[in-house]
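Welcome! Have a look at the chain below, and then we can walk through a few of its features together.

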Amino acid sequence: MDSGTHLVFGLGLGGLALTDPAIASHPYGPVAVLIGTIIGSQAPDADTLLRFKSNADYIRNHRGLSHSFPALIGWTVLITLVLSLVFRGVPWLHLGAWVLLAVVVHVATDLFNSYGTQALRPVSRKWVAWNIIHIFDPAIFLAHVAAILLWMSGWASPTAIFPALYGLLVLYYGWRTYVHR
């Protein structure tokens, strides 16, 4: 997916995290999780910094090691550790679970497009690209934007809108996969 879609996924997962009583009841829980899901939804693309070395290195390595299974754990631990130090008292296990979900969703959604990832590393260096969802899918992006606007405007509770959003997105991904096959 593109960076904008990963961003709205991070915001949406931050809203979904408000369904977790351990996060919602803590004074800094929602802020810590929102920051964590936004950073977690972007972290695997930190390999974009390779562009400073050379565009060829970036193209060769983007969505490689940074999207691998060990990286999922590494990003989660790093982000959760930093946020736990900044937001003391927020239940780190819950915080870490939401950060992990954001990182996993990032990598999983990248598997559905034509570029794919090397998510199976270190077991395999093979690129996995299912070519089912475009890099930018207007339906996914606009559904998130609508849900976020409903949340921010106060028209809908995040505990209602985000479970519905992600339930519909699971159906959408399933439908697109079915049509592709």
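Let us begin with helix H6, whose buried residues are Leu 95, Gly 96, Trp 98, Val 99, Ala 102, Val 103, Val 105, His 106, Val 107, Thr 109, Asp 110 and Leu 111. Please keep in mind that this is a predicted model. What covers these buried residues of H6? The cover includes H1, helix H2 (21–24), helix H3 (29–42), helix H5 (69–86) and H8. H6 itself takes in residues 92–111, which makes 20 residues. From its first C-alpha to its last, H6 reaches 28 Å, close to the 28 Å expected at 1.5 Å a residue.

Is Asn 113 buried or exposed? Its relative accessibility is 0%, so Asn 113 counts as buried; the cut-off for buried is under 20%. Leaving aside neighbours within four places in sequence, Asn 113 is in contact with Met 1, Arg 63, Ala 129, Trp 130, Asn 131, Ile 133, His 134 and Ile 135. For a sense of distance, the C-alpha atoms of Asn 113 and Gly 36 are separated by 25 Å, and these two residues are 77 residues apart along the chain.

Now for the aromatic rings. With ring centres within 6.5 Å as the rule for a pair, the count comes to eight aromatic pairs. One of them joins Phe 9 and Tyr 166: the ring centres are 6.1 Å apart and the planes are at 25°, so this pair is stacked. It links distant parts of the chain, since Phe 9 belongs to helix H1 (residues 3–16) and Tyr 166 to helix H8 (residues 158–180), 157 residues apart.

Another pair is made by Phe 136 and Phe 141. Their ring centres lie 5.4 Å apart with the planes at 50°, so the pair is tilted. The table gives the accessibility of the residues in these pairs.

| Residue | Relative accessibility | Class |
|---|---|---|
| Phe 9 | 5% | buried |
| Tyr 166 | 12% | buried |
| Phe 136 | 37% | partly exposed |
| Phe 141 | 22% | partly exposed |

There is also an aromatic cluster to find in the view: Phe 112, Trp 130, Tyr 172, Tyr 173 and Trp 175 form it together. Trp 130 is a residue you have already met, as one of the contacts of Asn 113.

Notes:
Residues are numbered from 1 along each chain as its sequence is written. This is a predicted model: local features need pLDDT of at least 70, side-chain atom pairs count only at pLDDT 80 or more; totals for chains, interfaces and linings use all residues. Side-chain values use heavy atoms; hydrogens and water are left out. Rings of Phe, Tyr and Trp (its six-membered ring) pair if their centres lie within 6.5 Å; planes under 30 degrees apart count as stacked, over 60 as edge-to-face and the rest as tilted. Helices (H or I, at least four residues) and strands (E, at least two) are DSSP runs, numbered from the N terminus. Buried means under 20% relative accessible area, exposed over 50%, partly exposed in between (1.4 Å probe, protein chains only). The expected span of a helix is 1.5 Å times one less than its number of residues. Contact means heavy atoms within 4.5 Å.
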